[in-house]
Amino acid sequence: MNACSCNGCDIEIVAALTPRYDAERFGAVLVPSPRHADVLVVTGVASPQMKDRLIRIYEQIPEPKYVLAIGACACGGGVFKGCYNAGQGIDNVLPVDMFVPGCPPRPEAILYGIIKLLGKVKGNRKPS
Amino acid sequence: MLSEVVEALVFPGFLFTLGLGFLFEWIERKIGAHMQGRIGPLVTGPHGILQPIADFLKLLYKEEIVPTFGDVTIYKIGPVLYFLAPILGMLFVPVMGTRAVATFDLDVLFVIFLLAFSALMVVILSFASESSYTIVASGRLVLQYVSYEIPLVIAVITAAVFSGALSLAGVVQTQSNVWNVVYMPFSFIVYIVALMAELEKPPFDIPSAKTEIVAGWLTEFSGRSLAFLKLTKEVSLIFGGGLAVALFLGGPLGPVPADPLLASVAYTVYFLAKLLAVGLLIFILRTAMARLMIAQVADLFWKILTPLALAQLAFVILLRGV
Amino acid sequence: MTDNETKAEAGAGLIQYSTENVVPFGPVHPALKEPEYFKLYLRGEKIVDVIPRIGYVHRGLEKAAEQRRWSQNTYLFERTCGICSFIHSLCYVQAVEGLTPYEVPRRALYIRLIVAELERIHSHLLWVGLLGHWAGFDTLFMWVWRDREIVLDLVEAIAGNRVHKSLVTITGVKKDIPEGMKSRIVERIKYLADRARFYKHIVDTESTLLARTRKVGNLKAETAQRLCAVGPLIRSTGIPRDVRADDPYAAYGEVPLDVVTRSEGDVHSLLQLRLDEIVASVKAIDYALEHMPGGPIRLKIPPAIPAGEYATHCEAPRGEIFYFARSSGGVSPDRVKVRTPTMANLPTAIELLKGLTMADVPVVLTAIDPCFGCMDRMSFVNLDSQKQWTWSGEELRQYGIRKYFPERKI
Amino acid sequence: MPKIEDAFKSLGAQIDSSKPGLIILKVALQDLTNSIKTVVEQLGISHLSTMTGLDLGENIDVLYHFWKNDLIASVRVSVPKSNKHASSIVEIVPGAILYEMEVHDLFGVIFDGNPWMDRRLLLPDRYPTDLPPPLLKETKASEIRKAVGIER
């Protein structure tokens, strides 16, 4: 979900689904509605305009849900630190489970983040 | 009596259909991926074969959000009814031999009713979950349903008329030497296209268009009901495919050894092979097409497929009559 | 009318019934799906007025640039847009070079041209793939994005990073293209040119895709001209407006480039135009690689930029991009103004909406498809009955088709 | 090219020889509209690339950048900070409507005649109206961040 991002991370996420990296090998598939989703992938600096919508989307996802913050902006504001309309990263808006740093992170790094997240899911069997 | 129950519950009935449903979903994802140059599910189980089952189980224990403003009762029981229709239908498709598990004389009509019932159940479900997306989706569903239902029924009737029997077992028996598809290729094509429309496979996946109206009528469902709805889509592919095999491709018939036990095994193998063929045909078409606009779908069905089906019916009646 | 209206109590003044969900959740096509919002004012059926409300991706770059030094800003402005990041840094650097008396070495100009054209190929392939995805044709999306990886590999070989190249410095370029790499680039982009021709064939013959793109949202040359549209959008109506040809920057003066234009102005011609431009870019890169002069690739200059003002523009994949830099002689800029191509195309989008009936709105929106995302939310205010309701872009499509279905010929 | 250049000279533009292809025409505030009209109608330069705002201490300069094949001609007007009003050129160049909204959002200059002056284009909804516009020199980024609620 694009919480005020420069699209660099978004196109790398989409690239992670295309033939060369193919996230579907691990069963990760684009899901059209938050009702069907388990993982909310967030990019961007969560600017004030997008903050409350980000929270509303998060609430619509059924438990057990996880948040994957992708890109330096989502992890901690990135290059836009100090801009008047840029937040300081997703973790002071949503509880984030996995960070993938990089501006933008390579598709392999995103896949690695997804696999680590799967590892975390296996860790606590019962829904959190 | 016991063998009846076992047959209904285990072999050509409930569990068999479920297993086939998961298998075909895996085949579809694999073929779709390979045609697009991807690999598709790989990690869960050998070559990702357990991926559909893993998705189903995951959805089972997820939290289910029930929309308050919708019609909650229908929202709850709807998926179960929708799930039962194709399962029930599968009992009428002859798999083991020429007789299906539960065949009675007019079961072709009953099967058509089941097809119609599952389509209308979808419309009711999408009305039950009142969100702006699902209302739009239900509008489109009705429009698409109206366009594909007539050609579908005509195609099925053509096969029944030609074989002169109103029960699937009867239709299969008459095809012992020559399959129906030889006489009526057009109604086979019409049937397959209408089936793809009913299953909302691209190019007809407008009601649940991923890129346009979020998830269409599926938007509000989550957890258990979503698990059943997704499974039903696959199972109704099996049911529709099984019907196509029974009506046009001569059901499980084929050169068969004498001994009855071996014969039923051979019948099943033929049935599965033909079902796989129909499935592959649909999957390949599904990956190679873009999504049509709803108006174009209606055009396609009303202006091209319905007259084609009627012409085929007339031709068959002439053939039969003479 | 759909059920939303019947549900709203009649005559209760301006009833705001809207799911007020501006952010398009679900990464339908994340690269382009940026949030935005249009308010349409209706007189009965006709759209009288359209009010855009963008700014969801506005991060306040221009203010931040004033607190950073000149050279640091190249990294900041590169990240205004992930898809055309190199052209942003190139245009910024050219604006600053305009203020300095230094002469950029010719070899650096050639390298800049090569990487800029590579980025144009990547951006066009991305757009063609996403248009396929948008029309439900995922196979085209997957194939085109698989070929796009080739361009990203080449760019990574040259600049070290796939998306944000960070290759450009003021008066020069950081990395050089070694001799050995030239042959590899030439051979790889030759393959891309054949793929572009192959996709042109698909776009022309695949019936379902044709049904979705032909005669969708056709834009007249006069409107595009009057509303200062830029890039492929205006070139698809026949006006050859291209900064690379009209006002050549970097090495475009010396490299022959044919400006591609079409005449219909619908989505189909936009697809054709972009694929043709890929072929033209490949030719330009070939020529530039052969005629690349030797010599240094950058100059060392003091951090302070002499006082003055300078404005410049380049041809981004989506159109003319405009930079204005003003320096008061200090180490950090006094003012930097950025105007992205999509901002220039927005009035054309709005103009096309006005006068339309509600039924045609979704069709036209898919045609314009501006860089910062497709419209996903629109709220209407019916001036007569003072009722207001909000529909997603898609509900319009549905309303339109049901309303027009009987006599509408697709 | 020479025809347009000396046309601009006749209008009193200062041409900086070191920067070819760049002409700046300084114009007083009141005859802004008719100088834009001459540029667009007589010289046939219809493409307005963008409008730039500059905070020069006591007044705000607004530059209208026009582009015609290889020439960028900008009309420059300076608006006093005391009353930030300028006349809108939407009738002459309809494409300028968003650029005026942007300058209004970021600098506070009000363009009379622009139909959408009361609406916001870029700033977030929670941007307080009493806070001065962001791009003025005196507003500090941290002030805005606190007001808009992204910093505790």
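Guide: Welcome! In this predicted model, a residue is buried if 20 or more other C-beta atoms lie within 10 Å of its own.

Visitor: Why is B:Glu200 called buried?

Guide: B:Glu200 has 22 other C-beta atoms within 10 Å, and the cut-off is 20 or more, so B:Glu200 counts as buried.

Visitor: Where is B:Glu200, and what is its phi?

Guide: B:Glu200 sits in the loop between α9 (185–198) and α10 (223–248) of chain B. Its phi is positive, about 55°, although B:Glu200 is not a glycine.

Visitor: How do you know that the span of helix α4 of chain C agrees with its number of residues?

Guide: The expected span is 1.5 Å times one less than the number of residues. For the 15 residues of α4 in chain C (residues 85–99), that should be 21 Å; the end C-alpha atoms are 22 Å apart, so the two agree.

Visitor: What makes α4(C) mostly covered?

Guide: Of its 15 residues, 14 are buried.

Visitor: Which residues of chain A does a cis peptide bond join?

Guide: The bond joins A:Cys103 and A:Pro104, with omega about -10°. A:Pro104 lies in the loop between β3 (98–100) and α4 (107–123) of chain A.

Conventions
Residues are numbered from 1 along each chain as its sequence is written. Chains are lettered from A and ligands numbered from 1 in the order in which they are written. This is a predicted model: local features need pLDDT of at least 70, side-chain atom pairs count only at pLDDT 80 or more; totals for chains, interfaces and linings use all residues. Helices (H or I, at least four residues) and strands (E, at least two) are DSSP runs, numbered from the N terminus. A residue is buried if 20 or more other C-beta atoms lie within 10 Å of its own, exposed if 12 or fewer, and partly exposed in between; C-beta atoms are placed from the backbone.
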